[in-house]
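Please open the model in the viewer and keep the selection tool at hand. The stops below are given in the order in which they may be selected.

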Amino acid sequence: MPRILRINCRTKEYAFQEVGPYVNLGGRALTSRIINREVPASCHPLSSENKLVFATGLLGGSTAANSGRLSVGTKSPLTGGIKESNSGGLFAHKMPKMDLLAIVLEDKPAKEAPFSTLFISEDKVEFRDAGDIVGMDNYPAHDKLLEAYGDKLVAGMIGPAGETLRKTATIQFTDPYKRPARSAGRGGVGAVMGSKKIKAIILDPEVNNKVAAADNDAFKSARTNWVKILKGHPVTSEGLPGFGTAVLVNVINEAGALPTKNFRLGQCDHAADISGEKMAETIESRKGKTTEGCHTGCVIQCSQQYNDKDGNYLTSGFEYETIWAFGANALIKDLDAIATMDRICDEKGMDTIEIGNTVAVAMDGGIIPWGDGQAAIELLKKVGTDDPMGMIIGNGVVAAGDAFGVDRLPVVKNQSMPAYDPRAVKGVGVTYATTAMGADHTAGYGVTANVLGVGGTVDGLKKEGNVELSKNLQVATASIDSMGFCLFVAFAVLDAEDGVQTMADLVQAYTGNAFSVDDLIALGANAMKDEQDFNERAGFSKVDDRLPRFMEIEPLPPHEVVWDFDEDEVQGAKA
Ligand code: SF4
């Protein structure tokens, strides 16, 4: 029976509970319901009243392809609203093998209390001394945990950014290659874990209970069809495995929507130097790996291993968003410098989107020169130390804008925008404006119809059809996150007649509970309602659904378009 494990980080008491009112929920639907019901919306995100929830999806632990994503939910220190931060790695598939649907960290100890490592076993939780890994970067700390717990280690951990409560802090998770390279990246979830004085969470390597589908024959049949759907679409069978998500650099640049020089231009002169094609060529010449999965059971394999000039491992999970943020938006041309920054972000435990945008703001404020990769690397190294510059950078774009006197800040609800300029990809812009998460492309990826022609076509330069597009994608995405699927399955699902039905069939066969396409849609819509409800009670209103003023008055080259929706026009994108 799946259980919810609650751990009080102050008293060190814990309880394994039945799911009770949270039955039939998983992933994001579960984290958002728990946060909405149990966390006072007005609380400070780093206070004892906030909670940190780790939830596996409805298909967690199953052999359905691409169903091992983890949802991490909390009240965000960055946005002040609800947050679901999504990660790959081994954690989500391991939880059901310990009969766990969710782990909820509650309360917090005194500020001066030492950090602990939580060791979670089948019916027991231990607070172990984390003194040997506190203050360490994630890779060396993870190596120490591997030494202590062996090759079957599955951990979630924070780096120096999380320990020092920075608003860009991530939680890093063990990947299939024994690296802490997968991140719950957005919204400062690592700072909440740091406030609770938990350096790492380890799931007992010795517990690996068998998980079986309730209706094995139906599950196997749906699973076969599911793989066929994923393998039958060019984006999920060729584009993503061939060049990673960085395949988008050239595509979005061509569309005139690649934010460049802190969102001044829609095209970048050196796009070819930082493209997915260039990355793949570099990886191959250095005997890295152009394709790998972030969790077991991924059949798309958009990740990769990027080696340095000497052929030694440098980083992995080297995403389009990261390459864009440091490459186009901060004008850094050297892919090796960008890869080094990606690794530093994983080491310190920092969100590459927020940090990349922050570096661009620092350049805009004259703190370091535009395009200077080495200066950016030195800035990043200061995060997690007691250097005041590191404190500013580690707190993200708004903190940096305030400190450096920069008035063009590409944020919504205090979270910085990812790699699509909303003026030229308005379907994504509507999502940035209306999702409860703050600017977040993964909440409703309008690039599909605006640029890629997947799931239909809607002109990204015009207003028509983009509110509806965003709304449909936001609901679908919340459902996908709640089932535990990787978001990229959407490319194939949107173009497959039986795609949504097959996802519903998988859930029904795995859980044994009736689950229709309507239930699937309601799962996502209800998650969004929980999120909107929490944010309203936290003090958000429709004026927070605006994009930054500069985007309304500065036309974006080459299409010379502005953001021309007002907050009333985008309300229809909400659930
Ligand atoms: S497609 Fe990429 S993000 Fe999705 S599960 Fe596979 S490796 Fe992870």
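The model is predicted, so local features need pLDDT of at least 70 and side-chain atom pairs count only at pLDDT 80 or more, while totals for chains, interfaces and linings use all residues. Residues are numbered from 1 along each chain as its sequence is written, and side-chain values use heavy atoms, with hydrogens and water left out.

**Ala325.** Ala325 counts as buried because its relative accessibility is 0% (buried: under 20% relative accessible area, 1.4 Å probe, protein chains only). Beyond neighbours within four places in sequence, Ala325 is in contact with Ala330, Thr352, Gly356 and Asn357 (heavy atoms within 4.5 Å).

**Second largest pocket.** Next, select Pro2, Leu58, Leu101, Thr511 and Asn513, the closest to the pocket centre of its 33 lining residues. A pocket is an open set of points on a 1 Å grid over the protein atoms alone, where a 1.4 Å probe fits, with protein on both sides within 12 Å along at least five of seven lines; lining residues have an atom within 4 Å of a point. Helix 21 gives the largest share of the lining, 6 residues.

**Ligand.** Finally, select Cys294, His295, Cys298, Cys302 and Cys486, which come nearest among the 13 residues around the ligand (a heavy atom within 4 Å).

Terms used:
Buried < 20%, exposed > 50% of the residue type's maximum accessible area, 1.4 Å probe, protein only. Helix = DSSP H or I, 4+ residues; strand = E, 2+ residues; numbered from the N terminus.
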